[in-house]
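Hi there,

I am passing a structure on to you, and my notes follow below it. Please have a look at it first, then read on.

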Amino acid sequence: MIDVIIPVYNSSSTLRRTLESLVSQTCPDFNVIVVDDCSTDDSISIAEQFLPLLNLSILRSNSCSGGPATPRNIAVSYSKSDYICFLDSDDIFHPQKIEIVSSYLKSNTVDVLFHPVVIFRDSSFLYPNLFPKLFHTVHLPLFWQFLDCYQLLIIYNNFIYNSSLVISRSILDSFPISQEPFLVSFEDYDLLLRLSYNKFIFSYLPFELTAYYINPKSIQNPIRSIKSSVYFLKTTLSITFYPLLSYILLSSKYTLFLNNISNITLKQFLRPLKYTLTIIYLIVVLFALLPSFLFLNLFSSRRSGIKVLSQ
């Protein structure tokens with residue numbers, strides 16, 4: 001059994017289409033847990049309309065946490081199923097997602113499962129025409145066959161979309177999502193780094209089963225971005241030494257700050273620095289980090305790569 005968990009905060013404009021995508025699932029064998037983080041709009045009343053249509057539980061957070069981590073942890077604690085399927089309140093599942101994922105979970109040992117997504121920015125789409133015809137597709141970072149998942153996450157940042165994740169509940173019981181305020185918007189990356197470092201198996205399901213909505217009006221907090229970058233640097237350095245070069249150059253995480261200063265007059269001044277750092281980072285990855293990663297993998301008994309599931 002799978003529990004789909006949806007954190008909600010003032011999501012009335014998108015929640016209906018998200019829940020409708022669950023009603024449209026070809027496999028009804030799943031539960032839905034909606035956790036409201038003190039919304040001030042009619043998100044809860046919209047969710048309540050789906051009580052007759054889904055195996056739906058609606059929970060409420062006691063206080064506003066300001067991010068999705070606390071609602072997700074509440075849902076994990078409430079869950080009784082073997083697997084947790086993440087879904088943001090503005091994303092959409094393919095009608096066959098639960099059916100396909102359930103089939104693979106029955107025939108494969110899975111710690112963490114993820115898949116490619118369809119990106120959309122226009123909220124006025126026609127569902128389910130948003131999804132192309134399902135076909136076997138592998139969209140993974142370069143050198144994924146030779147590097148373990150932890151190394152890939154260090155080099156490429158987070159290439160795994162949150163709403164594509166399916167994780168064993170027993171793992172989330174032992175590795176809860178961080179509720180640090182400065183990790184809001186980055187808590188999923190922190191979780192994946194911890195899970196990949198601890199060598200849990202990451203399985204890749206090569207089908208586009210989620211539509212991931214990018215809100216063009218969303219702006220990340222630049223100060224929080226800097227704090228999170230410092231946190232990832234300290235965490236990585238305390239765990240292992242070899243990714244240090246990547247983080248000294250900020251591993252392209254400087255873009256978390258530089259890309260979010262559109263309303264600051266320094267942007268024109270800092271733009272050349274951004275491009276310069278990008279070139280330096282690519283040079284270091286190609287000529288320093290990748291060879292060292294490949295060398296370490298040849299002699300490492302702890303390597304845990306990505307397992308691509310067959311058709």
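Which backbone oxygen lies 2.8 Å from a polar atom of the side chain of N73? The backbone oxygen of I177 does. Before going further: this is a predicted model, where local features need pLDDT of at least 70 and side-chain atom pairs count only at pLDDT 80 or more, while totals for chains, interfaces and linings use all residues. Residues are numbered from 1 along each chain as its sequence is written, and side-chain values use heavy atoms, leaving out hydrogens and water.

Back to N73, which is found in helix 3 (residues 69–78); helices are DSSP runs of H or I with at least four residues, strands are runs of E with at least two, and both are numbered from the N terminus. N73 is buried, at a relative accessible area of 13%, where buried means under 20% (1.4 Å probe, protein chains only). Leaving aside neighbours within four places in sequence, N73 is in contact (heavy atoms within 4.5 Å) with P176, I177 and Q179.

Next, the nonpolar cores, meaning sets of buried Ala, Val, Leu, Ile, Met, Phe, Trp, Tyr and Cys residues joined through side-chain atoms within 4.5 Å. The largest has 37 residues, and F86, F114, F159, I167, L195, F202 and I306 touch the most other members. Helix 5 (149–156) is among the elements that each supply at least two residues of this core, and its six residues are the largest share. Another core, of 34 residues, lies apart from it and includes I100 and F207.

Enjoy exploring!

Conventions. Buried < 20%, exposed > 50% of the residue type's maximum accessible area, 1.4 Å probe, protein only. Polar contact = N/O pair within 3.5 Å; in protein donor to acceptor, adjacent residues only side chain to side chain.
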